[in-house]
Amino acid sequence: MSDCIFCKIITGDIPSKHVYHDDQVTAFRDLNPAAPTHILIVPNKHIDSINTLTNEDEQLIGHLFTTAKQIAAQEGIAENGYRLIINTGAHAGQTVFHIHLHLLGGAPMRLMG
Ligand code: AMP
């Protein structure tokens, strides 16, 4: 999508702190980190939110999570633990309407908030 920030990060038209890229997903560091490690993992295909997922996207979403697991290990946070979050819609605080998995770790976190 031409006006999507994350699509532009995927194509390199907007700079980011790149972490990982393959033919299905891209990962980069969050601009405003909420934890010592805060990485966003996004599908290369534009999908607005979980609300617009289709059955065809099931393998892609699975790959999003296995990539998160791999990056957590690379970042050295797998053993102590990390949080994976997908915000969906306004009430959940979704501000960028291109599905993204937040990978947060590097310090203990409260259960909510
Ligand atoms: P959400 O609130 O779940 O939609 O999360 C959007 C996230 O994208 C926020 O944590 C922002 O800090 C992050 N973000 C917005 N623009 C950029 C950018 N250009 N590069 C990296 N992260 C960004």
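**Entry 1: the model.** First reminder to myself: this is a predicted model.

**Entry 2: the pocket.** I looked up where the ligand sits, and its space turns out to be the largest pocket.

**Entry 3: the neighbours.** I found 16 residues around the ligand, and the ones that come nearest are Asp-30, Asn-87, Gly-93, Thr-95 and His-102. Sorted by class, the shell has seven nonpolar, seven polar and two charged residues. Which element gives the most to this shell? I checked, and α1 does, with three residues. Both α1 (5-11) and β2 (25-29) supply at least two residues each.

Entry 4: One of its oxygen atoms is 2.8 Å from an N or O atom in the side chain of Asn-87. On its own the ligand has 500 Å² of accessible area, and the protein covers 84% of that.

**Entry 5: Gln-94.** I then picked out Gln-94, which I found in the loop between β4 (82-85) and β5 (101-105). Is Gln-94 buried or exposed? It counts as buried, because its relative accessibility is 6%, and the cut-off for buried is under 20%. I also followed its side chain: it reaches the backbone oxygen of Asp-48 at 3.1 Å, and a polar atom of that Gln-94 side chain lies 2.8 Å from the backbone nitrogen of Gly-89.

Technical notes:
Residues numbered from 1 in each chain as written. Predicted model: local features only at pLDDT ≥ 70, side-chain atom pairs only at ≥ 80, totals over all residues. Heavy atoms only, no water. Near = heavy atom within 4 Å. Polar contact = N/O pair within 3.5 Å; in protein donor to acceptor, adjacent residues only side chain to side chain. Areas by Shrake-Rupley, 256 points an atom, 1.4 Å probe, with all protein chains shown as cover. 1 Å grid on protein atoms, 1.4 Å probe; cavity = no way out; pocket = protein on both sides within 12 Å on 5 of 7 lines; lining within 4 Å. Sits in = over half its atoms within 2 Å of the grid points. Helix = DSSP H or I, 4+ residues; strand = E, 2+ residues; numbered from the N terminus. Nonpolar A, V, L, I, M, F, W, Y, C, P; charged D, E, K, R; others polar. Buried < 20%, exposed > 50% of the residue type's maximum accessible area, 1.4 Å probe, protein only.
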